Amino acid sequence: MIFIKALIDKLAKEKALTKEEWVQLLDNIDDTEYPFQKARQIRHEIYGKDVYIRGLIEISNYCKNDCLYCGIRKSNKLADRYRLSKDEILDCCHIGYDLGFRTFVMQGGEDPYYTDEVMCDIIKSIKDRYPECAVTLSLGEKSYESYKALKEAGADRYLLRHETANECHYSSLHPAELTLENRKKCLYDLKELGFQVGSGFMVGSPGQTNETLAEDMLFLKELNPQMVGIGPFIPHKDTPFAKKSAGSGEKTLIMIALTRLMLPQALLPSTTALGTLCEDGRERGILAGANVVMPNLSPKSVREKYLLYDNKICTGDEAAESKLNLEKKFKSIGYEIVVARGDYKKEI
């Protein structure tokens, strides 16, 4: 449709749409090649054909929260719980560094075991050993003081997906003690403290509409994060959403492309969830404008325990094998994994 092409052109030029325009676009977009082409063009202008790799270390699947969609929610009595020691985390970094990783991402549930003191000690140890590497954290909601301590210890980036910018939708996905207001406060605290900040959302989560997706895009424009994680909702068998339908891989790809048009400099991962839903999902994510992948550096013994959703891919690969497989796949579509921190490129 001509008016849809015009909206995509407007987004690429002005980097913004109204809520009504977002809904109109999402309600009617059917030709995906045009937004993918535009997103690739912008991605190539800023980041070339480089793909940045992040070494993902899943440090714990204990969580004090009870989010309805998450396989490691505290009420899941069937989860086989674990947490990594400092030495195990440093071993993962050692393996990753030798493979060419220059960013380490420590991700976990909101596990009270990892106090500020414990995490700051781990961060300082990683920075002492690998001063040229970036440390990214994805450990949930914390106080301003805690985030400040982690930043002063050497953490560079923090990932905290907002999941949905609509309050009613947010409350339908989370327990009452978790609020959208506090999630947004955390994100703005992180920005104020100088972190490179990542936010994002699931595509196809129960109750999501094109109106709520439009609100997500408006919030991301307002927040202007350095990173945006967008992946499909995939149900977990031991959660209240076990029988809900998974999100659409195609729509996830569209949202990645539209985010590239709105936030040209953003670091956009092609997620494991996308690769789980579609066999060639991570390659298609790169072709839709993404420029980051996060292979798993966690010990093989725990990878099958960190299951936020069912059928997660690559739980059996060695880190080196996983990286080699990705290199081959991305090379086949004209892209190259590079040895670099892969920092956000500010607009000149």
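**Figure 1. Leu 223 in helix α9.** Leu 223 belongs to helix α9. Helices are DSSP runs of H or I with at least four residues, strands are runs of E with at least two, and both are numbered from the N terminus. The model is predicted: local features need pLDDT of at least 70, side-chain atom pairs count only at pLDDT 80 or more, and totals for chains, interfaces and linings use all residues. Residues are numbered from 1 along each chain as its sequence is written, and side-chain values use heavy atoms, with hydrogens and water left out. Leu 223 is buried, at a relative accessible area of 1%. Buried means under 20% relative accessible area, exposed over 50%, and partly exposed in between (1.4 Å probe, protein chains only). Beyond its neighbours within four places in sequence, Leu 223 is in contact with Leu 187, Tyr 188, Lys 191 and Ser 199. Contact means heavy atoms within 4.5 Å. Ser 199 lies 24 residues from Leu 223 in sequence, with 8.8 Å between their C-alpha atoms.

Figure 2. Helix α9 covers residues 210-223. At 1.5 Å a residue, its 14 residues should span 20 Å, and the end C-alpha atoms are 20 Å apart, which agrees. The expected span is 1.5 Å times one less than the number of residues. Helix α9 is mostly covered, with 10 of its 14 residues buried. Among them are Asn 210, Leu 213, Met 217, Phe 219 and Leu 220. The buried residues of α9 pack against α2, α7 (167-173), α8 (180-192), β6 (196-203), β7 (227-232) and α10. Thr 209 caps the N-terminal end of α9: one of its side-chain oxygens lies 3.2 Å from the backbone nitrogen of Glu 211. Just after α9, Asn 224 takes a positive phi of about 55°.

Figure 3. Asp 27 sits in helix α2 (residues 19-28). Asp 27 is partly exposed, with a relative accessible area of 48%. Its side chain makes a polar contact with the side chain of Asn 210, at 2.7 Å. A polar contact is a pair of N or O atoms within 3.5 Å; within protein, one must be able to donate a hydrogen and the other to accept it, and residues adjacent in sequence count only if both atoms are side-chain atoms. Asp 27 and Glu 211 are 184 residues apart along the chain, yet their C-alpha atoms are separated by 9.3 Å.

**Figure 4. Strand β6 and its two partners.** Strand β6 is mostly covered: 8 of its 8 residues are buried. Strand β5 (residues 157-159) pairs with β6 in the parallel sense over 3 bridges. Two strands pair if DSSP finds at least two bridges between them. Arg 157 stands opposite Gln 196 in β6. β6 and β7 are also parallel, with 6 bridges. Here Phe 201 faces Ile 230 in β7.

**Figure 5. The three-stranded sheet.** An open sheet of 3 strands has the order β8-β1-β9, with parallel pairing. β8 (292-293) and β9 (336-338) stand at the edges, each with a single partner strand, so one side of each is left without a neighbour in the sheet. Strand β1 (residues 50-53) pairs with β9 over 3 bridges. Asp 50 stands opposite Glu 336 in β9.

**Figure 6. Nonpolar cores.** The largest nonpolar core holds 94 residues, of which Met 106, Ile 126, Leu 137 and Leu 258 touch the most other members. Helix α10 (residues 249-262) gives the most to this core, with 8 residues. A nonpolar core is a set of buried Ala, Val, Leu, Ile, Met, Phe, Trp, Tyr and Cys residues joined through side-chain atoms within 4.5 Å. Leaving out residues up to four places away in sequence, Leu 258 touches Leu 11, Trp 22, Leu 25, Leu 26, Pro 35 and Met 217. A second, separate core of 12 residues includes Tyr 69, Ile 72, Leu 178 and Leu 180.

Figure 7. The whole structure has 0 disulfides. A disulfide is a pair of cysteine sulfur atoms within 2.5 Å. For Cys 70, the closest cysteine sulfur is that of Cys 67, 6.4 Å away and too far for a bond. Cys 70 is buried, with a relative accessible area of 15%. Cys 120 is in no disulfide, and the nearest cysteine sulfur, that of Cys 93, is 15 Å away. Cys 120 is buried too, with a relative accessible area of 11%.
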